Every structure is written in C-alpha cells, then in structure tokens.
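Please look over the structure shown here. My points follow it.

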Amino acid sequence: MSTPPAAPLALLAELTHRCPLRCPYCSNPVNLTRVAEELDTATWARVFREAAALGCLQVHLSGGEPTARRDIADLVRAASEAGLYTNLITSGVLTGDAKLQTLVEAGLEHVQLSVQDAEPGSGDRIGGYRGGHAKKLEFARLVHDSGLPLTLNAVVHRQNLDRLPDMIALALALGAGRLEVAHVQYYGWALANRDALLPTRAQLEAATATVEAARRDLKGRLVIDYVVPDYYARRPKACMGGWGRQFLAVSPAGRVLPCHAAESLPGFDFPNVRDVSLRWAWEDSEAFNRFRGTGWMPAPCQGCEHAERDWGGCRCQAFALTGDAAATDPACALSPHHAVLSLAVGAAAEAGEAFTYREPRRDVTSVSG
Amino acid sequence: MSLAGASVPRLGRGMKLREDKARGQWIVMGPERMFVPDEIALEVLRLVDGARSVDAMVDDLAARFAAPREEILADVVAMLDDLAAKGVVVA
C-alpha cells in the first residue's frame with residue numbers, strides 16, 4: 001500500500017480477562033490470559049498516548065472486568081491525559097462509591113454497565129454470579145449520582161429476550177441515557193453455548209418491533225442501539241466497520257488486534273505492543289493488511305455492490321462456520337455456506353437451556369488429587 | 001421538544017466538544033458516539049455553555065454574520081432541536 005490507511009477512531013483496551021461473572025456468551029477468547037501475562041500500567045499509558053497520536057478519539061476500557069485491575073484509576077488518568085474520551089465497560093459488581101469517585105477524579109467520562117436480564121434470579125443465573133444483579137442496580141445508582149452518563153448494555157438471547165420491555169423500563173428507571181440491545185454474537189464462548197442461546201424467529205421479530213416502538217416513544221429520553229443477530233440475516237454486518245478501517249483492540253497480553261475476537265483465527269502473527277508501536281501495527285503489520293480493503297475478497301464478495309458496505313462480514317464468523325477465515329461470512333445469502341445458519345437455528349430449537357459457563361484455563365499444576 | 005429564545009441550552013451528559021487534530025476538525029464526543037458538526041453547527045455549539053440563552057447566542061451570531069436576526073433565530077432553534085433529539089444538547 002503506498003498511502004497509509006485512514007486512522008482508527010477508537011481503541012478497545014482489554015485490560016484483563018479476570019472477571020467475577022461467568023457469562024456463557026463472554027466475548028473473551030476461550031483461552032483466557034493469566035494475570036502474570038497482563039501489561040503493566042506504564043505500558044498501557046504508552047499505548048494510550050500512541051493511540052491518541054495515531055488518531056483514536058475514544059478508548060473503551062474493557063476486559064474481563066476492567067476494575068479487577070488495582071491500577072484502574074491510574075489507567076483512566078493515563079487515557080484521559082492522552083486526550084482520549086474514556087469509557088468504562090463494566091459489570092459494576094466490583095465498584096463501590098469510593099472507587100467510583102477515584103475514577104471520576106481520574107477523568108472518566110462515560111460508563112457502560114452490562115445487565116444479564118431485567119429479573120434478578122435469571123440475571124444471576126445467566127451471569128453465573130449470585131447477588132450480581134442487585135450489585136449492578138446499586139452501581140447504576142452511584143453512577144447516576146456522580147453525574148456520569150450511563151449506558152446500559154443488555155445482551156439478549158432466547159432465555160431473556162421475552163423480557164426486553166422490562167429491560168427498556170430498567171434503563172429508564174436507572175437514568176441511563178442510552179441502551180444497547182445486543183443480540184449475542186456467536187464466537188468463542190457464545191458459539192459453545194449457541195444451542196442454549198439462539199432466539200426463535202418469533203422472539204426476534206417481537207424484539208425488533210419492541211425496539212422500534214420504544215425508539216419512537218422515548219425519542220429525546222433514551223437512545224437505543226440495536227445489534228441484530230446474524231443467524232436470521234441475509235446480509236452480514238460490516239464487522240468492526242471493516243477489518244483495520246476504524247478500530248483496533250489491544251489484548252491483556254499486549255497483542256494488537258483488528259477485533260477483540262481475532263485471536264481465535266489461526267495462521268496469524270499478531271503484533272505485540274511490547275515489541276512494536278501501535279502505528280506500525282496499524283499501518284504496516286501483515287495481520288492488519290491481510291483483510292483490509294477489498295483485494296483479498298473471494299468470489300461472491302469480489303465485485304459485489306455490497307463489498308464496500310459490509311466488507312465481506314466477519315472474519316471470525318467465517319472461520320468458525322466454514323473453517324476458512326478468508327471466506328465470505330455465511331451470514332450473507334450469497335455465501336455458498338449460508339445454509340449452516342438455518343441448520344443451527346433448527347438445532348437450537350431442539351436443545352435445552354443448560355450453559356457451559358466461562359471458566360479460566362486450568363493449569364496442570366493447580367489440579368489436585 | 002422545541003427550544004425558545006429564553007431557553008438556556010447546555011451540552012448533554014458526557015457530551016464534549018473536542019478538537020480532532022489528526023483529521024483537522026472539531027467533533028462532538030459522546031457516550032460511544034461521535035458527531036462531526038458542520039461549520040454552522042460548530043459556531044452554535046461553541047456558544048452552548050449552560051449560561052447563554054438562545055437569544056444571547058443569536059445576538060452573538062447576528063453581530064458576526066450578515067443575516068437577518070429572525071432568520072438566524074429560526075436556524076439556531078432548528079439546529080438545537082435536532083441536536084437535542086440526538087442528546088447532544090439539553091435545555
């Protein structure tokens with residue numbers, strides 16, 4: 001490439017994979033990074049400065065649970081001093097009033113709080129954490145009182161989708177200005193739990209109608225962002241707005257990724273911030289250039305009128321469902337593999353509700369007896 | 001909602017007007033969203049400080065731009081209504 005690619009808009013900083021919750025659709029990779037492998041405070045501070053210099057405007061401090069890091073206030077301050085708009089993406093269960101105040105003083109600008117359901121019993125079961133729902137409500141109250149803007153993130157699926165109207169009411173009751181209704185994306189842990197999570201078409205249609213009505217009724221009070229599930233789609237999503245186009249992620253161990261799930265793709269040598277600058281990773285690394293633009297695209301995408309709208313869809317989903325990361329995303333009706341999605345929907349309709357919860361890797365040394 | 005001349009708009013919770021040096025522009029940063037205001041919107045947003053009324057904003061703009069005051073008032077109110085619908089400003 002002769003001219004450098006356009007600058008990224010946002011950095012997702014996955015500060016840690018540690019989390020007290022065990023959601024069966026967690027977006028972390030199935031192989032979770034251990035504490036000892038995590039980047040230190042100074043390295044993250046350098047990453048934030050490099051991200052701002054590269055053109056990033058916003059940082060999402062995420063995880064795992066980002067507040068599981070003892071240096072979270074220092075990290076917020078470093079991001080804020082770098083000039084990034086700082087957003088904390090949290091489960092809310094580890095942050096009391098005193099800790100929240102230190103984050104506000106450090107320059108935090110926005111909080112996105114996850115909820116697993118509108119109902120405590122179900123929410124605690126889905127998150128695999130007893131008492132979690134009540135802690136989240138208390139945290140939301142603290143955020144509201146602090147004056148920070150609050151987004152509620154509701155990940156929805158077959159086992160909670162019927163309570164979407166209650167989740168919208170909860171967002172209003174908690175004083176959230178924004179609600180993300182995000183259908184589960186089926187990679188990593190979620191793929192392992194797909195049969196227990198995939199909604200029915202009737203549920204999906206009801207949810208879409210609920211969102212559309214709420215958007216009308218709550219205009220000016222609550223912004224609702226809606227992420228639809230691929231399994232009922234005819235066109236794939238422009239995943240991350242296209243590979244290496246707007247967005248980059250840094251994993252807890254320092255790997256620079258075009259999307260937080262990309263570590264699941266085989267045959268990649270993702271650059272690490274311990275070795276290279278963020279700018280080199282973005283502009284020059286083979287990993288970022290491999291699926292950038294349209295040159296890499298296979299037949300149904302190559303020359304398609306949608307090629308520069310959906311950018312061929314999601315590479316991780318293409319790999320997970322076809323075994324080839326360079327294939328057209330099967331969510332596209334033009335993909336020769338499109339039928340695998342309806343087969344999955346059929347299988348889920350026959351399946352039960354049991355989850356495989358997110359768990360850390362088990363070290364051989366920690367196995368006893 | 002519609003703003004009137006006496007309304008005192010301010011930026012919504014979490015909304016910040018910031019310079020985007022890498023791209024040579026100004027942007028409104030908000031909770032997981034960003035807007036690039038056009039030149040006129042930027043002039044208006046720079047006057048939104050939670051203290052000035054819409055009337056005072058219009059006076060300021062009328063002194064700097066050659067346009068009838070009523071026209072500027074109508075444009076500013078329409079623009080602020082649009083920004084309020086997006087949650088960028090609140091009155």
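This is a predicted model: local features need pLDDT of at least 70, side-chain atom pairs count only at pLDDT 80 or more; totals for chains, interfaces and linings use all residues.

1. Nine strands form an open sheet with mixed pairing. Strand S7 (223-227) and strand S9 (256-257) of chain A are the edges, and each pairs on one side only.

2. Within that sheet, take one pair. Strand S2 (residues 58-62) and strand S3 (residues 85-90) of chain A run parallel, joined by four bridges. A:Gln58 stands opposite A:Tyr85 in S3(A). Helix H9 (residues 201-217) of chain A packs on the sheet. H9 touches strand S5 (150-156), strand S6 (178-183) and S7 of chain A. The direction of H9 makes about 160° with that of S7(A).

3. Next, a helix pair. Helix H4 (residues 120-127) and helix H5 (residues 132-146) of chain A pack with their axes 7 Å apart, at an angle of about 105°. H4(A) is therefore roughly perpendicular to H5(A). From H4(A), A:Pro120, A:Gly123, A:Asp124 and A:Gly127 take part; they meet A:Gly132, A:His133 and A:Ala134 in H5(A). By class, this contact has four polar, two nonpolar and one charged residues.

4. Last, the chain contact. Chain A gives 17 residues and chain B gives 15 residues. On the side of chain B that touches chain A, strand S2 (16-20), strand S3 (25-30) and helix H3 (69-85) of chain B each supply at least two residues. By class, that side of chain B has eight nonpolar, five charged and two polar residues.

Technical notes:
Residues are numbered from 1 along each chain as its sequence is written. Chains are lettered from A and ligands numbered from 1 in the order in which they are written. Axes are lines fitted to C-alpha atoms, for helices over the stretch in contact, and angles run from 0 to 180 degrees between N-to-C directions. Angles under 35 degrees count as roughly parallel, over 145 as roughly antiparallel, 65 to 115 as roughly perpendicular and the rest as oblique. Two residues are in contact if their C-beta atoms, placed from the backbone, lie within 7 Å. Ala, Val, Leu, Ile, Met, Phe, Trp, Tyr, Cys and Pro count as nonpolar, Asp, Glu, Lys and Arg as charged, and the others, Gly among them, as polar. Two strands pair if DSSP finds at least two bridges between them.
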